[in-house]
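I opened this model to go through its overall dimensions, then its helices, then the loop.

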Amino acid sequence: MRRTIGYIIGLLMVVLGLIWIGQGSGYFPYPASSFMIAQTIWVLWGAILAAAGIVVLVIISRLRRR
């Protein structure tokens, strides 16, 4: 059960990070009134969040092997 929750959290982190990267770079301008559109700081935060999500997924997958 904990592994499943870990996978879900990791995947959500990656997806949200990619959305933040898309909005920060201007490639995903939805909603049009979002404060994140074309703000390069959100590209950085999105990359950090996506990388952290990948780390969570790797850790969970290694725990599963044991």
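Entry 1, overall shape. I took the radius of gyration over C-alpha atoms, and for the globule rule I used 2.2 Å times the number of residues to the power 0.38. The protein chain has 14 Å, whereas a compact globule of 66 residues would be near 11 Å. Its C-alpha trace spans about 45 × 20 × 15 Å along the principal axes.

Conventions. The model is predicted, and local features need pLDDT of at least 70, side-chain atom pairs count only at pLDDT 80 or more, and totals for chains, interfaces and linings use all residues. Residues are numbered from 1 along each chain as its sequence is written, and side-chain values use heavy atoms, with hydrogens and water left out.

I read helices (H or I, at least four residues) and strands (E, at least two) as DSSP runs, numbered from the N terminus. The protein chain has two helices and zero strands. Helix 1 has 24 residues and reaches 34 Å from first to last C-alpha, close to the 34 Å expected at 1.5 Å a residue; the expected span is 1.5 Å times one less than the number of residues. G26 follows helix 1 and has a positive phi near 90°.

I call a residue buried under 20% relative accessible area, exposed over 50% and partly exposed in between (1.4 Å probe, protein chains only). Buried residues are 24% of the 66 in the protein chain. In helix 1 they are G6, G10, M13, V14, G17, G22, Q23 and G24.

I then listed its contacts (heavy atoms within 4.5 Å). Beyond neighbours within four places in sequence, Q23 touches F28, Y30, P31, S34, M36, I37 and A38.

F28 sits in the loop between helix 1 and helix 2 (40-65); F28 is partly exposed because its relative accessibility is 39%. P31 lies in that loop too, and the peptide bond from Y30 to P31 is cis, with omega near -10°. I also found A38 in the loop between the two helices. A38 has a positive phi of about 60° although it is not a glycine. Most residues other than glycine have a negative phi, and most peptide bonds are trans. A38 counts as exposed because its relative accessibility is 53%.
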